[in-house]
Amino acid sequence: YGRAEQRTTGIHLRQRARAFIFGTDLPDDDGVRELLLIVAEIPLPMQSVTDAVLRRLAATFGQHFTALNTMLTVTHTHSGPGGYCGHFLYNATTQGFRPKTFDAIVDGIVEAVLRAQDDIAPAAVSIAHGQLRNASTNRSRVSFERNPQVDKDFFPDGIDPQTSLVRIERDGRAVGAINFFPTHGTCMTNRNTLISSDSKGFAAYHWERELHGADYLSGEPQEFIAAFAQTNSGDMSPNLRFDGSRRRGAQRFGPADDEFADTRLIGG
């Protein structure tokens, strides 16, 4: 949350990286046959992280994965460790750059890619679109109302409700899913001091662990991988009872009045 007094005291939900490699026999105009998509449960996408990941991948795969075919996106949880950014502004509240945090993020992302590469197999991929309401609200409706009328007409509720789901199947069995939906990772409040992947992280945990019995400590490939990616989060907030008239830090009211319950409810 960019608050200097916010210091980690423990872990609520571990942060994970999930990697997906999509291949085709039909290369694009640049001759690329594969797309690597990484969804990392960290707050901000930083070029320094992407550059380090690409260097590590080049050491293993040569020019197989480059900036041309690698997309590293984040979930935008607000409760992840800071100090991993390549710009002073973002490290100011953590008293500077934190190499251990940076290395842990890069290591986790690279490990996810290596596991994805080892797990490549024929699959069927489909995509579906829908609308998800009662899961977000506009945290700055006053600002939104200053948009052109055509934009307000297109988003009459002040939110973008679109959700998309990429489904991956092998032999008719679901082995992976990637959901795209815009909402900030702010179910856990700015008074929280526990590392948390917030609602998107809980959604992934619930689908993998609670529904598919994933054993994260086994070191073995999981039977099902679920990622909840971010889109145009803008002013989309999961705190459905949001009072924009209050001061920053005291204006966030989730559906359950408790940040842990809110994370589980919105994630579910």
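Predicted model: local features only at pLDDT ≥ 70, side-chain atom pairs only at ≥ 80, totals over all residues.
**The largest pocket**

Start by selecting Ala17, Arg18, Ala19, Ala112 and Ile225, the lining residues that lie nearest the centre of the largest pocket. The space in this pocket is about 1,400 Å³, and its lining comprises 48 residues. By class, 28 of the lining residues are nonpolar, six are polar and 14 are charged.

Next, colour the elements that give two or more residues to the lining: strand 2 (17-23), strand 3 (34-40), helix 3 (99-118), strand 7 (162-170) and strand 8 (173-180). Which element gives the most to the lining of the largest pocket? Helix 3 does, with ten residues.

In soluble globular proteins, nonpolar side chains tend to be buried together.

**Aromatic contacts**

The model has six aromatic pairs. For one of them, select Trp207 and Phe228. Their ring centres are 6.1 Å apart and their planes meet at 50°, so the pair counts as tilted, the class between 30 and 60 degrees. Trp207 belongs to helix 6 (residues 198-211) and Phe228 to strand 10 (residues 225-229), so that the pair links distant parts of the chain, 21 residues apart.

Switch to a surface view of these two residues. Is each buried or partly exposed? Trp207 has a relative accessible area of 24% and is therefore partly exposed, whereas Phe228, at 15%, is buried because the cut-off is 20%.

Then move to Arg16 and Tyr216. Arg16 lies over the face of the Tyr216 ring, at 3.8 Å from the ring centre.

**A loop residue**

Finish at Glu145, in the loop between helix 4 (141-144) and helix 5 (149-154). Its relative accessible area is 38%, so Glu145 is partly exposed. To set a distance across the model, pick the C-alpha atoms of Glu145 and Ala4: they are separated by 33 Å, with the two residues 141 residues apart along the chain.

Key
Residues numbered from 1 in each chain as written. Heavy atoms only, no water. 1 Å grid on protein atoms, 1.4 Å probe; cavity = no way out; pocket = protein on both sides within 12 Å on 5 of 7 lines; lining within 4 Å. Points joined across faces, edges and corners; volume = space filled by probe spheres on them. Helix = DSSP H or I, 4+ residues; strand = E, 2+ residues; numbered from the N terminus. Nonpolar A, V, L, I, M, F, W, Y, C, P; charged D, E, K, R; others polar. Phe/Tyr/Trp six-rings, centres within 6.5 Å; stacked < 30°, edge-to-face > 60°. Buried < 20%, exposed > 50% of the residue type's maximum accessible area, 1.4 Å probe, protein only. Lys NZ or Arg CZ within 6 Å of the ring centre and 35° of its normal.
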